[in-house]
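The questions below are meant for someone meeting this structure for the first time. Each answer is worked through step by step, so please keep the sequence and the model in view while reading.

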Amino acid sequence: MDLSIIIVNWKVKDLLKKCLQSIFEQTKNISFEVFVVDNASSDGSVEMVREKFPQVDLIASSENLGFAKGNNLAIKKSRGRYILLLNPDTEILDNALEKMVRFMDAHLDCGISGCNLLNPDLSLQPSVRAFPNLASQAFILLKIHHLLPHTKTIYKYLVQNFDYEKMQEVDQVMGAFMMIRREVIEKIGMLDEKFWIWFEEVDFCKRAKSASFKILYTPKAKIIHYFGQSFKQAMGVKKQKDFNRSLSYYFKKHGIKGEWLAIQILRPLSLFLAWLAQSFKK
């Protein structure tokens with residue numbers, strides 16, 4: 001088996017249907033399997049998959065397991081040489097999955113790869129970032145990135161000078177499309193389930209890089225990613241809480257003690273700012 005495709009879904013039935021259609025219509029010349037892990041959707045997603053895509057290995061959870069645990073359930077069942085973590089709000093273009101498998105075959109030192117992500121209007125969607133540091137995350141917690149999106153700190157974190165026309169080694173690729181060599185999981189383990197949402201793919205890339213695997217971006221394959229510009233959107237209080245929890249755990253795991261303490265100090269202020277932004281929206 002060349003490729004195991006894993007999609008964790010939560011209440012995006014129509015987008016999931018489009019994603020699955022694109023996989024089966026646009027994937028040629030490789031052997032693959034598809035898993036859909038449904039996190040207790042109530043929108044008919046499970047019924048749609050059962051009816052329209054009986055060839056999919058469906059794991060229907062009765063509770064929302066989160067991104068990491070949902071993916072890990074399918075990873076345990078997967079058989080592919082490569083494992084693709086794919087968002088349900090994506091659409092495969094022009095046999096992109098075969099291109100990515102061939103790319104990984106040609107770069108044996110590559111543990112994780114990402115491809116060229118496009119917005120629905122086919123414009124470029126930035127998908128590469130540097131690893132988080134205290135300065136960049138403080139700017140985000142304090143919402144400075146909304147007011148000053150091109151400061152040096154944010155510029156470096158978002159790698160705003162990145163050339164998406166060239167294959168390059170990077171710190172992290174977006175979790176919407178992350179192809180993983182099975183040997184990486186065998187060496188570093190699966191996704192850390194202590195991350196509920198946010199930073200699980202960053203943590204995974206960090207661990208892979210620490211284990212001497214390269215993380216590569218390639219423009220050779222393209223996909224569409226819907227609703228992929230969340231960085232520009234103000235978070236509500238609930239999302240901010242989830243973000244803060246994962247950020248705090250990331251710094252506890254990978255940062256130094258002083259940085260983790262600084263994040264704790266900023267967390268209440270970030271919630272207040274999120275509440276303000278949410279209030280002005282009403």
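Rings of Phe, Tyr and Trp (its six-membered ring) pair if their centres lie within 6.5 Å, and a pair counts as stacked when the planes are under 30 degrees apart, as edge-to-face when they are over 60, and as tilted for the rest. This is a predicted model, in which local features need pLDDT of at least 70 and side-chain atom pairs count only at pLDDT 80 or more, while totals for chains, interfaces and linings use all residues. Residues are numbered from 1 along each chain as its sequence is written, and side-chain values use heavy atoms, with hydrogens and water left out.

Q: Which residues form one aromatic cluster with Trp 198?
A: By the ring rule, the count comes to eleven aromatic pairs. One aromatic cluster takes in Trp 198 together with Phe 199, Phe 243, Tyr 250 and Phe 251.

Q: Is the pair of Tyr 164 and Tyr 217 stacked or edge-to-face?
A: The ring centres of Tyr 164 and Tyr 217 are 5.3 Å apart and their planes stand at 90 degrees, so the pair is edge-to-face. Helices (H or I, at least four residues) and strands (E, at least two) are DSSP runs, numbered from the N terminus. Because Tyr 164 lies in the loop between α7 (152–157) and β8 (168–169) and Tyr 217 in strand β11 (residues 214–225), the pair ties together parts that are 53 residues apart in sequence. Tyr 164 and Tyr 217 are both buried (under 20% relative accessible area, against over 50% for exposed and partly exposed in between, with a 1.4 Å probe and protein chains only), and the name for their arrangement is edge-to-face.

Q: How many residues apart in sequence are the parts that Phe 199 and Tyr 250 tie together?
A: Phe 199 and Tyr 250 form a tilted aromatic pair, with 5.8 Å from centre to centre and 35 degrees between the planes. Both residues are buried. Phe 199 lies in the loop between α8 (182–188) and α9, whereas Tyr 250 lies in helix α10 (residues 237–254), so the parts tied together are apart in sequence by 51 residues.

Q: How many of the eleven residues of helix α9 are buried?
A: Helix α9, which spans residues 200–210, is mostly covered. Its buried residues are Glu 200, Glu 201, Val 202, Asp 203, Phe 204, Cys 205, Arg 207 and Ala 208.

Q: Which strand gives the most to the lining of the largest cavity?
A: With three residues, the most is given by strand β6 (residues 110–118).

Q: Is Val 34 buried or exposed?
A: Val 34 has its place in strand β2 (residues 32–39). Contact means heavy atoms within 4.5 Å, and, not counting residues up to four places away in sequence, Val 34 touches Ile 5, Ile 7, Leu 20, Ile 23, Phe 24, Val 56 and Asp 57. With a relative accessible area of 4%, Val 34 is buried.

Q: What is the relative accessible area of Arg 182?
A: Arg 182 is found in helix α8. Not counting residues up to four places away in sequence, Arg 182 touches Ser 4, Ser 78, Arg 79, Gly 80, Arg 81 and Ile 83. Arg 182 counts as buried, because its relative accessible area is 18%.

Q: Is Asp 94 buried or exposed?
A: Asp 94 is found in the loop between β5 (90–92) and α4 (96–106). Its phi is near 50 degrees, a positive value in a residue other than glycine. Since its relative accessibility is 52%, Asp 94 counts as exposed.
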